[in-house]
Amino acid sequence: MRGILPFPVSEFTERLNNTKRLMEEAGIEVLLVSDPANMNYLSGYDGWSFYVPQMLVVIADEEQPIWIGRKQDANGAKLTTWFHPDQIIPYPDEYVQSAGRHPMDFVSDILTQIGQSNRRIGVELDAYYFSARSYEQLKIKMPNTRFIDATLLVNRVRMVKSDQEIEFMRRAARIVEGAMREGIRSIGAGVRECDVAANISYAQVKGTPDYGGDYPSIVPLLPSGIKTCTPHLTWSDSRYRKGDAVILELAGCHKRYHSPMARTAVIGSASPKLKDLAEVVIEGLNVTLEAIRPGMTCEEVERAWRKVIERRGYFKDSRLGYSVGLNYPPDWGEHTASLRLGDQTVLQPNMTFHLIPGIWMDHYGVELSETFRVTETGCEVLANFPRELFEICEPPLAAISVEESGA
């Protein structure tokens, strides 16, 4: 019943072995994986079922993990994972959103039946979809278990990508190029914000003629006007006005792998202060990308950026970027390395980051960003898109040709 896996089984087993090595270092004998991205990474499982409890059970001395999830999702596990069907154990629907029982009761019963409940068990305490109730139920049902915080254990394994993962992210970059072109082309005075968002979303899912897009983990972020002073607003049904600045932060997504990118546009001519801020952001972005080398720390990457903006009299108190790749809503980041002061993570080839040197003032802001791969000698920027402040004429700009841009 197995469908087509996005990676060979040998790659999944290598990921599993790398995870088990970290488990051994942490003294973990059984790992309960509830983060849907980590579940996908180790198993291939891909379904919109993470709104109910589900998990992989990775046992240090067993060849394959166990998938435990809702019964109606079990066939999805059979279609998308590399596991033997016996490793897929569904719980009945009576456990779903029930006041009298909880899916972790079922998980605890399974672990007890197979003799794993008295071992050292790692749990992802800070994963979005592992609730406080889930943890409490596990502790109630398995009082003799020693629970260990295994948050980010699998995430750390995910940081260095395989060649196939990099290829998926390059495809995602082709998708985000098209979505960004469509977004900027659609913006104009009198145009509704929601119509621009719809055009972007269409381009994200449609993908390219050679491969389709997936739903990204974050919807298009489209603050405009005074709302550009903050990065994480979406859209409304208001109409753009002449003089509005618009920030577009988007991602292409392919096989759950993301390539984010941000750009800033203005309807009409940009004000001197907006132009000055954009010049600083673009200069800092270019200088930082040129500086990146394997062996640098994340802190050193941030320092290259900070030198540029401080010389121009600007300050940014938020991180400069973060590790990115495979994920599910609500975030495309990997939650491991951050490009900021104090982060001593060493850059290695095939690590991938979203470098986002946005600066947000009290009443306006500018964002431009790139997703890059660390190479053996520097970095590869995955998308190919003009790095500029777009001044949108009336009527809205025609589609942007990357080939003619010289980016």
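Buried area is the accessible area (1.4 Å probe) that two parts lose on being put together, summed over both. In this predicted model, domain 1 and domain 2 bury about 1,300 Å² between them. Of that area, 55% is on carbon and sulfur atoms. Residues are numbered from 1 along each chain as its sequence is written, and side-chain values use heavy atoms, with hydrogens and water left out. Local features need pLDDT of at least 70 and side-chain atom pairs count only at pLDDT 80 or more, while totals for chains, interfaces and linings use all residues.

**Confidence**
- The protein chain averages a pLDDT of 95 (the predictor's confidence in each residue, from 0 to 100).
- A score of at least 70 is reached by 96% of the residues.
- Residues 397–407 stay under 50 in pLDDT. For this stretch the model has 18 contacts (heavy atoms within 4.5 Å) beyond four places in sequence.

**Domain layout**
- The protein chain is divided into domain 1 (9–158) and domain 2 (163–405). These bounds come from an automatic or database domain assignment.
- The domain centres, taken over C-alpha atoms, are 34 Å apart.

**The interface**
- In contact across the boundary are 18 residues of domain 1 and 14 residues of domain 2.
- Trp48, Tyr128 and Arg158 of domain 1 lose the most area to domain 2. Together they give 35% of what that side buries.
- Six residue pairs are in polar contact between the domains, both residues at pLDDT 80 or more. A polar contact is a pair of N or O atoms within 3.5 Å; within protein, one must be able to donate a hydrogen and the other to accept it, and residues adjacent in sequence count only if both atoms are side-chain atoms.
- α1 (9–25), α2 (36–43) and α6 (153–158) each supply at least two residues of the side of domain 1 that touches domain 2. Helices are DSSP runs (H or I, at least four residues), as are strands (E, at least two), numbered from the N terminus.
- The largest share of that side, four residues, comes from α2.
- By class, the side has nine nonpolar residues (Ala, Val, Leu, Ile, Met, Phe, Trp, Tyr, Cys and Pro), six charged (Asp, Glu, Lys and Arg) and three polar (the others, Gly among them).

**Salt bridges**
- The structure holds 27 salt bridges (a side-chain nitrogen of Lys or Arg within 4 Å of a carboxyl oxygen of Asp or Glu).
- One salt bridge is counted between domain 1 and domain 2.
- Glu165 and Arg15 meet through their side chains in a salt bridge at 3.7 Å, N to O.
- Glu167 pairs with Arg170 in a salt bridge at 4.0 Å, N to O. Both lie in helix α7 (residues 163–186), three residues apart, about one turn of the helix.

**Backbone geometry**
- Pro329 and Pro330 are joined by a cis peptide bond, with omega about 15 degrees. Pro330 lies in the loop between β9 (321–324) and β10 (333–338).
- Arg256 is not a glycine, yet has a positive phi of about 75 degrees. Arg256 sits in the loop between β7 (245–254) and β8 (257–267).
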